[in-house]
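Student: I have a structure open and would like to go through it with you. Could we take it one topic at a time?
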Amino acid sequence: MHTQTRRLALQLRHPFKLSYGTTTVRENVLFQVSAGTHSGVGEAAVVPYYGETAERVLQHLSAPALAEALSGDPLLLGDALDRLPADMTPAARAAVDIALHDLWGKHLGHPLYRLWGLNPAHIPVSSFTIAMADDEDGYREQVREARDHSLIKLKLGSGDWRTDLRYVQMARQETRARLCVDANGGWSADEALAIIPALTELEIVFIEQPVARDDLAGWRTLHDSLPVARPPLIADETVQGVESVLPLAGLVDGINIKLAKCGGLRPAMQMIQLARACSMKVLIGCMIESTVAVAAAAHLAALADFADLDGNLLVSNDPYRGIEMRKGQIALTERPGLGIVPAPEQ
Ligand SMILES: [Mg+2]
């Protein structure tokens, strides 16, 4: 198999303000693997707050040990994934895993969801994300602009839970869409206990990462103190790869699985099975990514309860196309593998 890597600087349509800081561009890396007449493409989302850098990802993707791992039959996908160097970061591993799945699907001539026997009609409606804004008018405008989406995710964690609640109330006034929220770990357990009853009243669909990534005591407090009739509390930053699922059983109501965190489609599938065994809800999410990584996650999404696959909609220079989203409903194509093609203007 031949490989190729290239940097991909994704320009954001709106500056993306989170509790971690504000972003206007994301430096991802594309990885291509070819065998015979087919080639597969994958993407590494370089997420600074997970400690990834583009340089480190590029290093992993050009390592001789990786070339060695990719020297076999592309149809023996499991073997190739088993041979990947153990020290690869999750984002680099995801790029290779996605590219190998795309290549495998193209050799077999079917889209991935068909090869897995999944029904695309079961893909949940995807949320559209609205970041925090500096001023209330700008925020109301962003919510109004998102009126075509039936599920909107509000990023919270402004530093003051009362401000967060005011933003949710503003959004509630501006749209009839269903709303979910993501605090990105921005609340203490006490703050979360203060705001969650109000969010329950507002019929929020789910609440993501209320407390900090390592605050397991906080998760425990929420689990023990809140009534069962509440929106499901979904761990995002607290959950990473396959090994992180079981320790959260009984602490969280669900997990947000992202390919860039767990290392690709195969570990994501293992996480879904573990989550189901623990009666957890499953949210399939994404980073700020192009159609490459978002399409990969979309092929798995029929197995999830919730989807948050809008990463490609937030960027203005997506180099691929092949998934459509209408009112949050994702449509996959019948093309083999990921089913994506280079965008015409690239
Ligand atoms: Mg999140």
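Student: How do the residues of the lining of the second largest pocket divide into nonpolar, polar and charged?
Tutor: Nine are nonpolar, six polar and five charged. Here Ala, Val, Leu, Ile, Met, Phe, Trp, Tyr, Cys and Pro count as nonpolar, Asp, Glu, Lys and Arg as charged, and the others, Gly among them, as polar. The model is predicted: local features need pLDDT of at least 70 and side-chain atom pairs pLDDT 80 or more, while totals for chains, interfaces and linings use all residues. Residues are numbered from 1 along each chain as its sequence is written, and side-chain values use heavy atoms, without hydrogens and water.

Student: Which elements each supply at least two residues of that lining?
Tutor: Helix H12 (291–300) and strands E12 (320–321) and E13 (324–326) do. Helices (H or I, at least four residues) and strands (E, at least two) are DSSP runs, numbered from the N terminus.

Student: Turning to the metal, which residues are the protein donors of the magnesium ion?
Tutor: They are Asp182 (OD), Glu208 (OE) and Asp236 (OD), 2.1 to 2.2 Å from the ion. Donors are N, O and S atoms within 2.8 Å of the metal (3.2 Å for Na, K and Ca); water is not among the atoms, so sites may look incomplete. Asp182 lies in strand E6 (residues 178–182) and Glu208 in strand E7 (residues 207–208), so the pair ties together parts 26 residues apart in sequence.

Student: Are Asp182 and Glu208 buried or exposed?
Tutor: Both Asp182 and Glu208 are buried, meaning under 20% relative accessible area, with exposed over 50% and partly exposed in between (1.4 Å probe, protein chains only).
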